[in-house]
Amino acid sequence: MTQPNNRPLILAVDDEASNLQLLRQILQDHYRLLFAKDGARALELARQEGPDLVLLDVMMPGMSGYEVCAALKAEPGTAAIPVIFVTALNDTADELEGFEAGAVDYITKPVSPPIVRARVRTHLSLVRMEELRATRLEIVQRLGLAAEYKDNETGLHVIRMSHMSRILGIAAGLTELEADDLLHAAPMHDVGKIGIPDRILQKPGPLDADEWKVMQSHVTIGAEIIGQHEAGMLALAAQIALTHHEKYDGSGYPRGLRGEDIPLAGRIVAIADVYDALTSKRPYKKAWSEEDALAFLREQKGRHFDPALVDLFIEQMPAVRTVQQRWAED
């Protein structure tokens, strides 16, 4: 019976035909399979077919499994393919060498069919989770860009302010993982502008009181678009969307939060967002100089911005300048 083409593709590599036949019997009901009896052929198939996972023997004539694994990890097109060693070598030193070569797991021969199936299923699930995470981040970033384009901003603004937010987050004591979540959540800060009428969002002159009330609603619209999440990056994105216009002295919106009642992420993004907006050229204004923009941040310490975070941001100016140079507008 022909297998569906959407089944994961596994490359099995072993110089013993009997071992390949055993792997076929174990896996053929659930996966598409490729086979190679030496390292050179394995590399050729990996480059051509892009398998989802490689089952790799260690002791083979010519290239060893360790050498094949290292070669796969050295090439951008195959580096992300998980490799599981299937071998008779069972010393701790052998396993360590396998992991150092880039393998994700190590199965010793003679193999147990349930263990092979379980390990393969686990590592394919991890690959799928990473693909879903990357797709989710891409969607979040694209929604952030959509809001900026509607507001006549450039997509580079959300990139710069997100990296500036990450820099400030690290300086403020966030872990690398927390700072990465901030980097990926910050582009959604103004997503609620999608729900603001163009006649208000793009009005060339000052807004009247009613129009300003509508404009302010973009923060609650943004939080509603992102939705309620118990934890994780999307929960952080909703928090940022809702709080990045709060001010340290309580004069911001939508809830008039004061001081450290404003979540840290909202206080961080407020500084990065304003600083990049000030120093960027727009159709309606010239770019402010770094000196003038920093003077504004200092002047607004304790009013608009968290004083301690302003000081930390200023200390990080070399890294901030690098972000501005890397994603400079033409």
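**View 1. Burial and overall form of the chain.** Of the 330 residues of the chain, 44% count as buried, a term that stands for under 20% relative accessible area, with over 50% called exposed and the range in between partly exposed (1.4 Å probe, protein chains only). The model shown is predicted, so local features need pLDDT of at least 70 and side-chain atom pairs count only at pLDDT 80 or more, while totals for chains, interfaces and linings use all residues. Residues are numbered from 1 along each chain as its sequence is written, and side-chain values use heavy atoms, with hydrogens and water left out. The secondary structure comes to 15 helices and 5 strands, these being DSSP runs numbered from the N terminus (helices: H or I, at least four residues; strands: E, at least two). The chain is more spread out than a compact globule, because its radius of gyration is 27 Å, well over the 20 Å that the globule rule gives for 330 residues; this radius is taken over C-alpha atoms, and the rule is 2.2 Å times the number of residues to the power 0.38. Along the principal axes, the C-alpha atoms fill a box of roughly 80 × 45 × 40 Å.

**View 2. Aspartate 57 and its surroundings.** Aspartate 57 is placed in the loop between strand S3 (53-56) and helix H3 (65-74), and it is buried, with a relative accessible area of 3%. Not counting residues up to four places away in sequence, aspartate 57 touches Val13, Asp14, Asp15, Gly65, Phe85, Val86, Thr87 and Lys109, where contact means heavy atoms within 4.5 Å. An unreviewed UniProt entry places the feature "modified residue: 4-aspartylphosphate" at Asp57, although such annotations may be inferred rather than shown by experiment.

**View 3. Two cis peptide bonds.** Most peptide bonds are trans. The bond from lysine 109 to proline 110, however, is cis, with omega near 0°, and proline 110 lies in the loop between strand S5 (105-108) and helix H5 (113-150). The bond from tyrosine 253 to proline 254 is also cis, with omega near 15°, and proline 254 lies in the loop between helix H11 (233-243) and helix H12 (264-278).

**View 4. Proline 263 and its contacts.** Proline 263 lies in the loop between H11 and H12, where, leaving aside neighbours within four places in sequence, proline 263 is in contact with Gln239, Thr243 and Leu257. The C-alpha atoms of proline 263 and isoleucine 26, which are 237 residues apart along the chain, are separated by 52 Å.
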